[in-house]
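Q: Hi, could you help me read how the helices pack in this one? I'd like to start with what the angle words stand for.

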Amino acid sequence: DARASHGIIGMIQPKTDTVEGTPPLYATGGAGRITNFVATDDGRYLIRLTGISRFQVSEELAVTTPYRQIKATWHPFSADTLPLSEAGGFDRASLMKELQSYLEARGLAADYDGIKAAPDVVLINTLSMIIPLTTGEKQALLEDETTADRAKTLKTLLSMVTTGQHLN
């Protein structure tokens, strides 16, 4: 349906991991435009989304489609649609120290030259997506208002994982 119209899909985390019934949703999600679409031989669709903006759920609609639909409020995240700019406002060296401790504790290697060269916004958003955290922790990162706020939350979460205070 999205491909046949505007090409935009909203993604929202469920608050629980239950597979039965209709789980409650978090109030904040992210919207992306479908930029790649492949139908597989077994009837699945593989899609790539390019992020557009976060949104707030203002109302969930009563629908008969096999997917849930909502009315979205976009204005709390109007800055998401502006060109990326350098974030600043956080201690990058301290975050890098926590990231290195996290990676070493898990026996993971990293391209530190690439990490150091990444702009703040790209670094923080990419780490927020790829580091395996709980649904609630990922949601906290999504809901942080600014990249600097997200960097501070990410640093705290990395420290919690490294020191064994993580929820998992």
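A: Let us begin with the wording: an angle between axes under 35 degrees counts as roughly parallel, over 145 as roughly antiparallel, 65 to 115 as roughly perpendicular, and the rest as oblique. Please keep in mind that this is a predicted model.

Q: OK, so at what angle do α3 and α5 pack?

A: Helix α3, residues 120-130, packs against helix α5, residues 147-162, at an angle of about 45°, and their axes are 10 Å apart. The two helices α3 and α5 are therefore oblique to each other, and their crossing is left-handed.

Q: Which residues of α3 and α5 make the contact?

A: From α3 come Asp120, Val121, Ile124, Asn125, Leu127 and Ser128, while α5 contributes Thr147, Arg150, Ala151 and Leu154. Sorted by class, this contact of α3 with α5 has 5 nonpolar, 3 polar and 2 charged residues.

Q: Switching over, how do the axes of α1 and α5 cross?

A: The axes of helix α1, residues 92-105, and α5 cross at roughly 30° and come within 9 Å. For that reason α1 and α5 are roughly parallel to each other.

Q: And is the crossing of α1 and α5 left-handed or right-handed?

A: Helix α1 passes α5 in a left-handed crossing. On the α1 side the contact is made by Ser94, Leu95, Glu98, Leu99, Ser101 and Tyr102, and on the α5 side by Ala151, Leu154, Lys155, Leu158, Ser159, Val161 and Thr162.

Q: How many nonpolar residues has the contact of α1 with α5?

A: That contact of α1 with α5 has 7 nonpolar residues, together with 4 polar and 2 charged ones.

Note on methods. Residues are numbered from 1 along each chain as its sequence is written. This is a predicted model: local features need pLDDT of at least 70, side-chain atom pairs count only at pLDDT 80 or more; totals for chains, interfaces and linings use all residues. Side-chain values use heavy atoms; hydrogens and water are left out. Axes are lines fitted to C-alpha atoms, for helices over the stretch in contact, and angles run from 0 to 180 degrees between N-to-C directions. Helices (H or I, at least four residues) and strands (E, at least two) are DSSP runs, numbered from the N terminus. A crossing is left-handed if the near helix is turned anticlockwise from the far one by less than a right angle, and right-handed if clockwise. Contact means heavy atoms within 4.5 Å. Ala, Val, Leu, Ile, Met, Phe, Trp, Tyr, Cys and Pro count as nonpolar, Asp, Glu, Lys and Arg as charged, and the others, Gly among them, as polar.
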